[in-house]
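I opened the notebook to look up how the parts of this structure meet. Entries follow in the order I made them.

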Amino acid sequence: MDNRFHNRNASWRSDLKESPVAKPRDMKNHNSDASPTTQPSQGRRVFLAQGAALVTGAASTGIAASANGQSLAGQPWERVYGAAFTGYGQPSRFELPVVRHLLRPYGDLAPGSGAALTPIESLEGIITPSSLHNIRNHSGTPDIDPKQHQLLLHGLVARPLTFSMESLWRYPMTTRTYFIECSGNSLRALLPKPVQIPAGAIHGNISCSEWTGVPLRMLLEETGLLPQAKWLLAEGADSAHMSRSIPVEKALDDALVALYQNGERLRPEQGYPVRLLLPGWEGNMSVKWLRRIKATDGPTHTKDETSKYTDPLPDGRALQFTFEMGVKSVITRPSSTMTLPRSGLYEISGIAWSGAGRIRRVEVSTDGGATWADAALTGEERSKCLVRFRLPWEWTGQAAVVQSRATDQKGQMQPPRKEWIAQYAPDNRFHNNSIVSWAVGADGSVKNVYV
Amino acid sequence: MYTSKWIPIAGIVVIAAAALAACAVQPPAGKPPALGAAVSAEEVARWDISIPPSGAGLPKGSGTARLGLQVYEQKCLACHGAKGVGKPADVLVGGVGSLASKTPLRTVGSYWPYATTLFDYVRRAMPIANPLSLSDDEVYAVSAYVLFLNGIVGEDSQMNAQTLPQVKMPNRDGFVDMSRR
């Protein structure tokens, strides 16, 4: 771990050492691979040589070296010529510890199965950088050649059709900003004891991007759905051929066949070259690497909508097809593993979202839920999109428990943790939208706690 | 001062240009380009691997648990353990009657509502390092073996397109459909 990083801004940063994070990328190697323009520049050498000649020239004219110039304020990087252009930008090397938190239940047996969680504790605003977007993969990320990839629409349709990626690119496109949350997000908040890892490693299976693509409705109109078509089966071209059943109503409402994320073509781990996007619904229903949509008269009951992504109840039954993600919020600053260096004024900041639509209100408590204050919202006009909430907070140096609770446009409010747990079987890991609590100690340390 | 003088003029230029463009190009409003390519039933059949509870689309072929044991030991045991006891990957066997307890065990036998899902999933995704590699007979046989280990079918029961959808899974009625609520 880079010590400079920690000394520089320890107060609002989490201690990544405790988290099972990925190894930071090697910036040097990455850059040299990226583009020939990152090679040592001959131009720079020439420039420096000219500079030396100028200095020599000045000395020879009898002008004294200026003591004044040396005493002027200016850090070392202000006194040397900066780096050359690069073809594809990267974060500052000082930000290299900001990486996704890996959750790999099968370890090296299936290193691409599991999830990569967004480091929400290190991010601000609403949009998640594409490189830090959460990932839920069932059998790794496929390496798809877009020229070979096809999307097949068939089943209970008038005309079964295939679409090449080139043809999809010619359709009228729509751009929207939507969150994607895995329905297994916050499963680590259900461990028997609160685990002391950064907020993102617990609640980071949530991200928000600008998505651009073709409305699914447009392609379904071209194939012509038969009247008996009530469901669609969507299937990916990963080696799991991950598949989910979707009611036709959702497909005709706001489903998108997405080609772009945050302005650029989808990342491979986000479904390149084409993914389904079902705003507000369980993340894995937004099938990545989309290769086939079959119109059917009923649900297919795939493995990922029977044995997984069902919500077990205490009486032994389980809820099936609980598509919509519940109203939820998390305070990202301050959050677990951070330290407040001294008492004084801070800004509490966090994210809120609801699969039902817009966020109407986020309240914040700093006394463990005894009293609540309304936080200021950014982005609340958008539906099924992250909202940033903020509230100034004077920390007196006493122990405190900070919490947030969101209410959406339907009036649904986040439940307390105990209430949520009581609804389900002890092993349920899906749809945990209960209130998150962080305890600030008198020493300024911030811990994950159960209230 | 500078901007207040120039913005109205620039605006007029933009509006004029837009008006000209509108005259020159008549956009086909609301009409998508219809670029989908027709595809034959034979081609669709090569892609269509999803099997619903009715069994529609199940391929020809068959297999028994006795034959499935051989497939399992070669292709599945390394991850799912001898006789489906699990580790390092998911447990496949047992847990019937445990779902309402404090320690529920959710396996193919105790939790999965349809046997067709087993065939569908094994064919599309297993073995994890080499999916789409098993023959249909092998998929029927190894499905029969997992059902046999769970005491759901006999060791010599033939699993095929007709019999597999008839298998009644213990937890068939254990789910509450929330899709229309």
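**Domains of chain A**

I began with the distance: the centres of domain 1 of chain A and domain 2 of chain A, taken over C-alpha atoms, are 28 Å apart. This is a predicted model, and I read it as one. For the bounds, I noted the domain assignment of chain A: domain 1 covers 150-319 and domain 2 covers 328-449.

Next I looked up the contact between them. Domain 1 of chain A puts 28 residues in contact with 24 residues of domain 2 of chain A. I then listed the elements that give two or more residues to the domain 1 side: β6 (174-181), α6 (199-203), β7 (206-215) and β14 (311-312) of chain A. β6(A) supplies the largest share of that side, 4 residues. I sorted the residues on this side of domain 1 of chain A by type and got 19 nonpolar, 7 polar and 2 charged.

**Chain A against chain B**

I moved on to the chains. Their contact takes 48 residues from chain A and 40 residues from chain B. On the chain B side, β1 (37-38), α2 (41-47), α5 (115-125) and β4 (175-177) of chain B each give two or more residues. α5(B) gives the most, with 5 residues. The chain B side divides into 29 nonpolar, 5 polar and 6 charged residues.

**Strand pairing across the chains**

Last, I checked the strands. I found β15 (residues 318-320) of chain A joined to β4(B) by 3 bridges, and the two run parallel. Within this pairing I noted one position: A:Gln320 stands opposite B:Asp177 in β4(B).

Key. Residues numbered from 1 in each chain as written. Chains lettered and ligands numbered in written order. Predicted model: local features only at pLDDT ≥ 70, side-chain atom pairs only at ≥ 80, totals over all residues. Domains from an automatic or database assignment. Contact = placed C-beta atoms within 7 Å. Nonpolar A, V, L, I, M, F, W, Y, C, P; charged D, E, K, R; others polar. Pairing = 2+ DSSP bridges.
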